[in-house]
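Hello,

Here is the structure for your files. Notes on its aromatic rings follow below.

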Amino acid sequence: MVQDRAYHDPVLDAAVAELGEGSLQAGLTVLAECREDPETRTLRAAVLGKTVIGHSDELTAIAEQAEDPDLWLLVGEARIQEAWAIRGSGSGSTVGADRAKLFHATLRRAVEPLHRSAKLLPKDAAPWVSLMPVARGLNVDREQNDDLWRKVIDRAPMLYPAHWHRLQYLAAKWGGSEEEMLAFAHGCVDKAPPGNPLVAMLPLAYFETYLPRLRKLIEERSPLKIATLQVRHFAKVAGELAEAADRWRTETQRHPRDLEAHNLFAAAFCMAMDRERAKAHLAGMGDRLHRIPWGYLGADAEEEYHQRTAKFR
């Protein structure tokens, strides 16, 4: 399985390879050519930002001379990726005080580059999307988060990663509530046009409600209850998930986030023991593994994938 590349974008893959060899221009070129395509632009920015982790200061020195919106976007993304690498993917309780302090300091350093990118390209949604995990990580208040959300959807109303970040912000683990998060996810299904994977916010939301219940049972050391939860939690919403997946109708067009959505639906239908739908979405994701949701189910995403899909392949 191929991890961290849940997309089909050979141009991006080539740019990642060249950027890894020191060719900055390759990354800037693929960002510049999709300024009018926010779905592709946000995906490429995130992937390229991860490629240049550890080099944000060098990039900043270049950006100060160039005043290039694509370069400032890349600097901001690099700092976000650096910050979240410092924090780790565990719950807040697993992050010690020193690490949390460094995490927050690194996140703050992403704010100015992203604002500079936004100022140079006022209609671009990408820097505002990148600011969403910054705001979440810095625990800014609801009013500021809502204002940021409005800035994004005013520019790109159906943007997949923006809805992903908004759902995370509304989740209980970040101070929201299951009720508001699920209402948001159902709203995504209702407004998504045919061919748009935005409907995958629904299985994502149900994984977010599953996790705290799973952790509680793990603490209680109740293997039988865990096995029951795994099926019942998703089986009781399988009908909703099926309706959402049917509204997607991916054959109508291709979307940069299709593979991420297939991962979410595949995992949810595997958990619900819906064989036919699980097989369809496993085929849809092919060999591209996205950390979420498989990494939610255990420390090793690929191991969880193989374990939970063996009977469906």
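Buried here means under 20% relative accessible area, exposed over 50%, and partly exposed in between (1.4 Å probe, protein chains only). By that cut-off Tyr160 is buried, at a relative accessible area of 1%. Trp164 is buried too, at 11%.

The model is predicted: local features need pLDDT of at least 70, side-chain atom pairs count only at pLDDT 80 or more, and totals for chains, interfaces and linings use all residues. Residues are numbered from 1 along each chain as its sequence is written, and side-chain values use heavy atoms, with hydrogens and water left out.

Searching the whole structure gives 9 aromatic pairs. Rings of Phe, Tyr and Trp (its six-membered ring) pair if their centres lie within 6.5 Å; planes under 30 degrees apart are stacked, over 60 edge-to-face, the rest tilted.

One of the pairs is Tyr160 with Trp164: tilted, 6.3 Å centre to centre, 40 degrees between the planes. They sit 4 residues apart in helix α9 (residues 160-170), so about one helical turn separates them. Helices are DSSP runs (H or I, at least four residues), as are strands (E, at least two), numbered from the N terminus.

Trp294 and Tyr305 pair edge-to-face, at 5.3 Å and 90 degrees. This pair links distant parts of the chain: Trp294 is in helix α16 (residues 291-294), Tyr305 in helix α17 (residues 301-309), 11 residues apart. Trp294 is buried at 0%, Tyr305 at 4%.

Ring pairs also join Trp84, Phe103 and Trp174 into a cluster. The charged end of Arg136 sits over the Trp174 ring, 5.2 Å from its centre. That requires CZ of Arg or NZ of Lys within 6 Å of the ring centre and within 35 degrees of the ring normal.

Best wishes
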